[in-house]
Amino acid sequence: MEIVVVGRHTDVPDRFRRHVEDKLAKVQQLSPRAQRVDVELTHERNPRQSDVAERIELTVRGKGPVVRAEASADDQYAALDMAATKLMERLRRARDRHKDYRKNNGVSVPDPREAELTPVPDAEAAPPPPAPTVDGDAVEVPWGDSPVVIREKLHRAEPMTLDDALYEMEMVGHDFFLFIDAETALPSVAYRRRGWSYGVIRLDAPVRSTAAAV
């Protein structure tokens with residue numbers, strides 16, 4: 001399993017890289033199909049946000065749904081500890097769900113969303129493309145002459161049920177999740193409301209074919 005560590009607006013010391021590798025050693029045990037873990041360290045330069053100046057985002061890629069976790073703290077190591085704890089818990093939930101699925105069905109049926117992902121180019125090897133072209137890729141694009149920066153990200157859109165969409169939303173730790181509804185073929189967004197209440201918004205423009213949804 002490959003672990004790729006990159007820094008945004010900050011340098012990543014070799015000591016911290018080694019600590020990351022030690023901290024994420026258990027990922028392979030919880031997710032044997034994991035092929036790569038992307039670790040992104042971002043430094044917030046605003047002195048007013050010094051208590052959350054260091055942000056860590058962890059992304060596990062391989063066969064199956066992408067699993068993410070992120071955390072912020074005033075120290076790189078503290079942020080990594082919090083993000084790693086969240087990541088391990090989500091990987092355990094994903095492993096347990098997979099076991100329950102196989103147990104309840106009695107046979108091993110491949111999940112259509114578990115197709116092997118195209119390898120993500122090394123973020124340190126070359127400058128980012130004008131627009132993301134690989135699932136999980138993200139690029140930042142300036143908005144005209146303003147100081148605003150738009151972050152664009154490519155997201156897989158295999159048809160799935162609302163239940164699966166809510167599950168994957170929990171796995172990546174987001175408050176919303178884009179997906180194609182398997183029953184209606186409508187582009188949809190599941191989102192978190194208060195507590196454990198959820199909502200879903202659908203566009204009245206069905207996807208014509210599976211190929212168009214990918």
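Biologist: Hi! Before we look at details, what does the protein chain average in pLDDT?

Modeller: Hello! This is a predicted model, and its protein chain averages a pLDDT of 78, with 74% of the residues scoring at least 70.

Biologist: And which elements have the lowest and the highest mean pLDDT?

Modeller: Helix α5, residues 210-213, has the lowest mean at 44, while α1 has the highest at 92. Over residues 210-214 the pLDDT is below 50, and that stretch has four contacts in the model beyond near neighbours in sequence.

Biologist: Where else does pLDDT stay under 50?

Modeller: Residues 112-129 are such a stretch. For these residues the model has 36 contacts beyond four places in sequence.

Biologist: Okay, on to the fold. In what order do β1, β2, β3 and β4 sit in their sheet?

Modeller: They form an open sheet in the order β1-β2-β3-β4, with mixed pairing. Strands β1 (2-8) and β4 (67-73) are at the edges and have a single partner strand each, so one side of each lacks a neighbour in the sheet. From one strand to the next, the twist averages 15 degrees.

Biologist: What packs on that sheet?

Modeller: Helix α1, residues 14-23, does, and it touches β1, β2 (34-43) and β3. The direction of α1 makes about 140 degrees with that of β1.

Biologist: Let's zoom in on β3 and β4. How many bridges join them, and are they parallel or antiparallel?

Modeller: Seven bridges join β3 (residues 54-62) to β4, and the two run antiparallel.

Biologist: What about the turn between β3 and β4?

Modeller: The two strands form a hairpin with four residues between them. G64 lies in the turn and has a positive phi of about 110 degrees.

Biologist: You said β4 is an edge strand. How many of its residues are buried?

Modeller: Five of the seven residues in β4 are buried, so the strand is mostly covered.

Biologist: Switching to side chains: how many salt bridges are there?

Modeller: The structure holds eleven.

Biologist: What is the N to O distance for R55 and E57?

Modeller: Their side chains meet at 3.5 Å, N to O. R55 is partly exposed, with a relative accessible area of 23%, whereas E57 is buried at 9%.

Biologist: Now the other sheet. What's the strand order for β7 to β10?

Modeller: Here too there are four strands in an open sheet, in the order β7-β8-β9-β10, and the pairing is mixed. The edges are β7 (159-160) and β10 (198-202), each with a single partner strand, so one side of each has no neighbour in the sheet.

Biologist: How are β8 and β9 joined?

Modeller: Five bridges connect β8 (residues 176-181) with β9 (residues 187-192), and these strands run antiparallel. Across them, L178 stands opposite V189 in β9.

Biologist: I'm curious about R192. What does E170 form with it?

Modeller: E170 forms a salt bridge with R192, with the closest N and O atoms 3.2 Å apart. That pair links distant parts of the chain, since E170 is in helix α4 (residues 162-172) and R192 is in strand β9, 22 residues apart. E170 is buried at 12% relative accessible area, while R192 is partly exposed at 27%.

Biologist: And D175, how far are its closest atoms from those of R192?

Modeller: D175 also forms a salt bridge with R192, and the closest N and O atoms are 3.2 Å apart. D175 is in the loop between α4 and β8, 17 residues from R192. With a relative accessible area of 49%, D175 is partly exposed.

Biologist: Last topic: how many aromatic pairs does the structure hold?

Modeller: There is one aromatic pair. F16 and Y77 are arranged edge-to-face, with 5.2 Å centre to centre and 85 degrees between the planes. The residues are 61 apart, with F16 in helix α1 and Y77 in helix α3 (residues 76-105).

How values were computed:
Residues are numbered from 1 along each chain as its sequence is written. This is a predicted model: local features need pLDDT of at least 70, side-chain atom pairs count only at pLDDT 80 or more; totals for chains, interfaces and linings use all residues. Side-chain values use heavy atoms; hydrogens and water are left out. Two strands pair if DSSP finds at least two bridges between them. Axes are lines fitted to C-alpha atoms, for helices over the stretch in contact, and angles run from 0 to 180 degrees between N-to-C directions. Contact means heavy atoms within 4.5 Å. Rings of Phe, Tyr and Trp (its six-membered ring) pair if their centres lie within 6.5 Å; planes under 30 degrees apart count as stacked, over 60 as edge-to-face and the rest as tilted. Buried means under 20% relative accessible area, exposed over 50%, partly exposed in between (1.4 Å probe, protein chains only). pLDDT is the predictor's confidence in each residue, from 0 to 100. A salt bridge is a side-chain nitrogen of Lys or Arg within 4 Å of a carboxyl oxygen of Asp or Glu.
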